[in-house]
Structure formats: C-alpha cells, structure tokens
Amino acid sequence: MKFAKYVFGAVVALAALALAHIDPALAQEAEAAATPAAPTLSAGDTAWMLTSTALVLMMTIPGLALFYGGMVRKKNVLATVMQSFAITCIVTVVWMVIAYSLAFTDGGSMNAYIGGMSRFLLKDMEVGTLKGTIPESVFMCFQMTFAIITPALICGAFADRMKFSALVIFMVLWQIIVYAPIAHWVWGGGFLAGLGVLDFAGGTVVHINAGVAGLVCALYLGKRVGYGSENMSPYNLVYAVIGASLLWVGWFGFNAGSELAADGRAGYAMTVTQIATAAAALAWMFSEWLVHKKPSVLGIISGAVAGLVAITPASGYVGPVGSLWIGAAAGVGCFFAATTLKKAIGYDDSLDAFGVHAIGGIIGALLTGVFALKAVCGTSGLLEGNPGQVLIQLEGITATIVWTAVATFVILIITNILTGVRVSQAVEIEGLDINLHGEVVQ
Amino acid sequence: MKLVMAIIKPFKLDEVRQALTELGLQGMTVTEVKGYGRQKGHTEIYRGAEYALNFLPKIKIEVVVPAKLVDKAVDAIVAAAKTGQIGDGKIFVVPVEQTVRIRTGETNESAL
C-alpha cells in the first residue's frame with residue numbers, strides 16, 4: 001500500500017529526530033530558552049485543571065464523535081466517529097513531538113509568529129516544572145485537548161466523502177502548519193497577544209480557525225453525490241443529542257478551565273457559558289419555529305453548540321447580561337448561516353462546521369470587544385467606551401481567517417497529490433463504513 | 001377460506017388484534033411495511049434542508065379465515081382501525097386454495 005509507505009517513512013523520520021534530540025547543541029539552546037519563574041504550586045488550581053483536561057477530552061470522544069456520527073447517514077456513521085477518535089490519537093502524538101513546543105515556547109526572533117523547539121519531544125518538562133501555579137505537564141495536556149478538538153471540528157465540513165488516508169496526512173500537517181502557529185499568536189506570546197486581542201478560550205484559535213478550514217475543505221472536495229436531490233436525513237438524532245450534551249458539559253472545562261486557576265473568574269466563565277448556551281439554543285429554536293413552523297431537536301442542539309462557540313472567546317471577559325446577548329446573537333446568526341446563507345452560496349458543508357463554528361466564532365469574537373468589562377478582565381469593551389477593542393478583535397479574526405484559509409488550501413493540494421482527498425463515487429454511494437473500514441452498523 | 005390482508009396505521013395494531021381474537025380467530029401474520037395512497041408522504045426538515053418522504057410506515061396484517069367469518073372479520077378490522085383521518089389504510093380479500101398445518105398434516109379449515 002502506498003499509504004503504508006508514507007507512514008513507515010514518517011516513523012523513520014521521527015526516530016531520526018528523536019536521536020537528534022540528544023544533540024548537546026540543541027540541549028544548550030533549550031537551557032537558554034527555559035526561564036524559570038518560580039511561583040508555587042496550587043493544589044486547588046491543579047485539581048481543577050486535571051478535571052478540566054478530562055472534560056475537554058470528553059468533548060471530542062465521545063462528544064463530538066456522537067454529535068457528528070448521529071447527523072450523517074447510516075452508511076457513514078462508523079467512518080465519522082472514527083475520524084474523531086483517530087484525530088485524538090494523531091494529534092496527541094504530533095503535539096507531544098513538536099506542536100506543543102511550536103505553540104507554547106519562545107521562538108526567539110520569530111516569536112511573533114511561531115514558537116521554538118525547546119520542548120521538542122517535551123524535552124526538559126520535568127515532574128516539578130511549573131507553568132504558573134500548575135505543573136507544566138497538566139498545562140501541556142490541557143492545551144493538547146484543545147489541539148485535538150480543533151481539527152476534529154473540521155470533519156463536519158467534509159463528512160461523507162473524505163478518504164481516511166488523506167485525513168491522516170491532512171491532520172498531521174494541519175496541526176503543525178495551522179494550529180500550532182495560531183495558538184502561538186494568541187496564547188503563546190505571538191503578535192495577536194501583543195495587539196491586545198481578547199480570546200479567552202479559543203474563539204479565533206479553535207472555532208474560526210476550524211470553521212474556515214472546514215469551508216475551504218468543503219469547497220475543495222466539492223458537494224456530496226446527490227446533494228440537494230437525495231435524502232440525507234440524519235441516521236440517529238438521539239446520538240447527536242447525547243453528543244451535544246457532552247459538548248455542553250465538557251465546555252465548562254474548556255471555558256472555565258481556560259482561566260488556568262480555580263478562582264472567581266473561572267466561576268464567572270462558567271456562569272456566562274451556561275447562560276449564553278441556553279440563550280442561543282432558544283434563539284435558534286424560536287427562529288426555526290418562525291421560519292420552518294416547527295421547533296426541531298436538531299435545531300435546539302445546534303443552537304446550543306452555536307452559543308458555546310460564541311461565548312468561548314468572551315467567557316473570561318464579559319458579564320452575565322453580555323453573555324445573554326452574545327448567545328441570542330449567535331443562535332439567530334448561526335441559524336441563518338446554516339440554512340439561508342449555505343443555500344444561497346451553494347457550498348456543501350455537510351454538518352455546518354463553517355455555519356456554526358466560523359460564524360459563531362466571529363460573532364463571539366466581535367461581541368467580546370463590545371461587552372468586555374473592566375471589572376472582570378481589566379479591559380473595557382465598546383459599551384464601556386472603548387470602541388477600539390472591536391477593531392483589535394477584527395484584526396485577530398482577519399489574521400486567523402487569512403492564514404487558515406491559505407494554509408489549509410495548500411495542505412489540501414499536497415494531500416491530494418499524495419493520496420487523493422476524495423473517495424470514488426462508487427465508494428461514496430455505497431458508504432464509507434464498509435469500503436474504508438470494512439465494518440457496518442446494522 | 002379467504003386471505004384477509006389489511007394495511008393499517010401502526011398504532012392501531014393492538015386494537016385490531018384484539019377485535020380479531022374476539023371473533024375466535026387464532027393467529028395472524030404481521031409485517032412492517034412502507035407505502036403510500038391518497039395520504040401521500042410527508043416532509044422532514046433538517047437545518048433548512050427539506051426531504052420529501054414518499055413512503056410512510058404502515059402495518060400489514062395477513063389472516064386466513066373460514067368463508068363464513070370473512071364479513072365479520074372485515075367489519076371488525078374496519079371498526080378497530082378507523083380514525084376517520086386520511087391514511088387509515090385498506091383491506092383486501094382474496095381466495096385461498098389450500099391450508100396445511102405443518103405439525104399435524106391437518107388441512108383446510110381444520111388447519112386454521
């Protein structure tokens with residue numbers, strides 16, 4: 001198999017890199033980069049971050065796997081849950097080898113854009129190494145769960161038609177070329193952090209990033225066979241409800257965990273997360289009730305996810321009333337994106353990765369600049385007389401969209417040359433489960 | 001002997017079964033089927049995407065009855081399965097040439 005050869009080549013390359021890791025010159029460089037600040041470990045913070053890490057991992061497996069798996073057709077259920085599960089494993093390894101280092105270490109002269117190699121293979125991350133008041137190992141694992149869910153979200157856009165071999169290659173490259181740099185820009189001391197962009201838990205890094213990458217994938221792969229004419233109703237919406245509910249619960253780890261401490265601001269982040277989610281779910285439900293005459297189950301859970309997405313960048317910056325507005329705006333905005341906008345433009349974003357995550361992320365990131373409260377985060381938003389913050393937010397959004405769109409497109413071209421990105425029409429019609437994985441759901 | 005074949009709304013199955021049992025009939029065969037008549041199908045909407053479903057789920061009951069019970073059986077099914085709404089279903093009656101009970105080899109009406 002052609003694909004097995006690539007995997008073998010990658011393993012050999014990895015082994016060579018691991019040996020290079022012993023190189024004394026590299027080790028010295030790492031010593032210079034490691035600047036130990038010496039705050040003490042907080043048991044409370046550490047306990048909360050261990051918990052948050054588990055919650056965020058649960059968002060992808062089984063949360064997102066079930067959410068997406070329930071929405072595709074029966075012939076593609078296993079292939080869809082396989083994508084979330086495989087990405088969890090792939091990203092864990094890539095993160096450990098290189099992506100964590102690129103995202104969260106000092107990149108020297110390139111630090112505005114990308115981190116360095118001082119944590120290559122997690123070098124020098126000892127048992128006692130701290131990051132703030134928690135062990136760096138906990139911080140690394142917490143951030144890893146974000147690095148896992150972001151590419152997994154993209155799968156919603158190309159569901160039902162991507163080759164699994166292509167997905168493996170795409171995800172490795174995307175993690176290194178797209179996710180790690182953008183995470184570095186916002187959270188690793190890069191140029192967006194320097195500009196003052198507010199993104200508490202990943203509105204730009206995770207959601208706009210994944211949503212725009214999803215749109216590029218949907219456009220590059222083209223529409224599914226039979227899109228617009230065949231019945232593509234979901235296999236089992238109960239799975240989707242379970243998945244969305246796990247996402248909601250896990251999101252407390254995502255947002256309140258992003259405070260990296262067990263404190264009052266984490267409590268505030270949790271509060272606004274709950275309020276915005278409920279508001280968005282209701283907003284989508286009522287919009288749909290008005291337009292399509294029935295309040296659907298798929299509608300209310302889609303609205304909840306839209307609310308979770310939109311409050312993500314805002315969660316450590318806004319108050320309860322602000323979160324109510326952010327949720328309502330996301331519910332209505334994402335409803336129109338996933339129904340009217342998608343139809344008008346004509347792209348086939350199978351499970352609305354763009355309509356929910358990019359649009360919800362943009363609404364949330366912009367409204368963070370409107371509703372940010374000085375009393376919560378030390379920065380005022382538009383409503384407290386600081387209109388400039390909205391422009392700063394816009395810069396963060398634009399930079400993310402441009403980089404992820406261009407880089408995702410290039411990665412797709414490379415992947416297409418290596419393995420082809422789309423399954424054959426015969427495979428697509430018969431189903432991915434039996435053809436790609438040799439299994440079926442009865 | 002006649003074969004009475006009734007297509008009914010799924011939730012009416014138990015009432016029909018009870019009505020036929022009260023007539024003294026001792027068995028029936030039930031199949032989950034899909035189809036349409038004047039009721040046509042219905043429409044499902046998922047995030048704005050509308051799908052027309054032409055075939056609706058129904059239950060098909062097959063029961064073979066002695067000739068003298070046919071009218072009573074048909075009346076019982078009509079009474080039990082009727083809601084008055086479109087989509088209540090249909091009943092077909094067709095002749096049966098032979099019946100054999102496999103266990104004993106009994107034939108025709110004594111095999112029913």
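Modeller: Note that the model is predicted. A place to begin is B:Ile7, which has B:Lys90 as its bridge partner in β6(B).

Colleague: How many bridges join β1(B) to β6(B)?
Modeller: The pair consists of β1, residues 2–8 of chain B, and β6(B), and the two run antiparallel. The number of bridges joining the strands is seven.

Colleague: Which helix of chain B packs on the sheet with a direction about 5° from that of β1(B)?
Modeller: Helix α1 (residues 13–22) of chain B packs on the sheet, touching β1, β2 and β5 (56–65), and its direction makes about 10° with that of β5(B). Another helix, residues 70–81 of chain B, touches β1, β5 and β6, and its direction makes about 5° with that of β1(B). That helix is α2 of chain B.

Colleague: Which strands are at the edges of the sheet?
Modeller: The sheet is open and has four strands in the order β2-β5-β1-β6 of chain B, with antiparallel pairing. An edge strand pairs on one side only. The edge strands are therefore β2 (29–35) and β6 (89–95) of chain B.

Colleague: Which residue takes a positive phi in the hairpin of β3(B) and β4(B)?
Modeller: Strands β3 (residues 42–46) and β4 (residues 49–53) of chain B run antiparallel and are joined by five bridges. B:His42 stands opposite B:Leu53 in β4(B). Two residues lie between the strands, and the one with a positive phi near 45° is B:Arg47.

Colleague: In chain A, what is the handedness of the crossing of α10(A) and α12(A)?
Modeller: The axes of α10 (residues 264–292) and α12 of chain A come within 7 Å and cross at roughly 35°. The residues of this contact divide into 18 nonpolar, six polar and one charged. The crossing is right-handed.

Colleague: Which residues touch the most other members of the largest nonpolar core?
Modeller: In general, nonpolar side chains of soluble globular proteins tend to be buried together. The largest nonpolar core here has 145 residues. A second, separate core has 15 residues, including B:Ala6 and B:Ile77. In the largest core, the residues touching the most other members are A:Leu247, A:Ala280 and A:Ile326.

Colleague: Which residues does A:Ala280 touch, not counting those up to four places away in sequence?
Modeller: Among them are A:Ala304, A:Ala306 and A:Ala310, as well as A:Ala328 and A:Ala330.

Colleague: Is A:His357 buried or exposed?
Modeller: A:His357 is found in helix α13 (residues 353–371) of chain A. Leaving aside neighbours within four places in sequence, A:His357 is in contact with A:Leu153, A:His207, A:Ala210, A:Gly211 and A:Val309. A residue is buried if 20 or more other C-beta atoms lie within 10 Å of its own. Because A:His357 has 33 C-beta neighbours inside 10 Å, it counts as buried.

Colleague: What is the distance in space between A:His357 and A:Ile208, C-alpha to C-alpha?
Modeller: In sequence, A:His357 and A:Ile208 are 149 residues apart. In space, their C-alpha to C-alpha distance is 6.1 Å.

Colleague: Which helix gives the largest share of the side of chain A that touches chain B?
Modeller: The contact takes 11 residues from chain A and six residues from chain B. Helices α11 (297–314) and α12 (320–345) of chain A each supply at least two residues of the chain A side. By class, that side has three nonpolar, six polar and two charged residues. The largest share, three residues, comes from α12(A).

Key:
Residues are numbered from 1 along each chain as its sequence is written. Chains are lettered from A and ligands numbered from 1 in the order in which they are written. This is a predicted model: local features need pLDDT of at least 70, side-chain atom pairs count only at pLDDT 80 or more; totals for chains, interfaces and linings use all residues. Two residues are in contact if their C-beta atoms, placed from the backbone, lie within 7 Å. Ala, Val, Leu, Ile, Met, Phe, Trp, Tyr, Cys and Pro count as nonpolar, Asp, Glu, Lys and Arg as charged, and the others, Gly among them, as polar. A nonpolar core is a set of buried Ala, Val, Leu, Ile, Met, Phe, Trp, Tyr and Cys residues joined through C-beta atoms within 7 Å. A residue is buried if 20 or more other C-beta atoms lie within 10 Å of its own, exposed if 12 or fewer, and partly exposed in between; C-beta atoms are placed from the backbone. Axes are lines fitted to C-alpha atoms, for helices over the stretch in contact, and angles run from 0 to 180 degrees between N-to-C directions. A crossing is left-handed if the near helix is turned anticlockwise from the far one by less than a right angle, and right-handed if clockwise.
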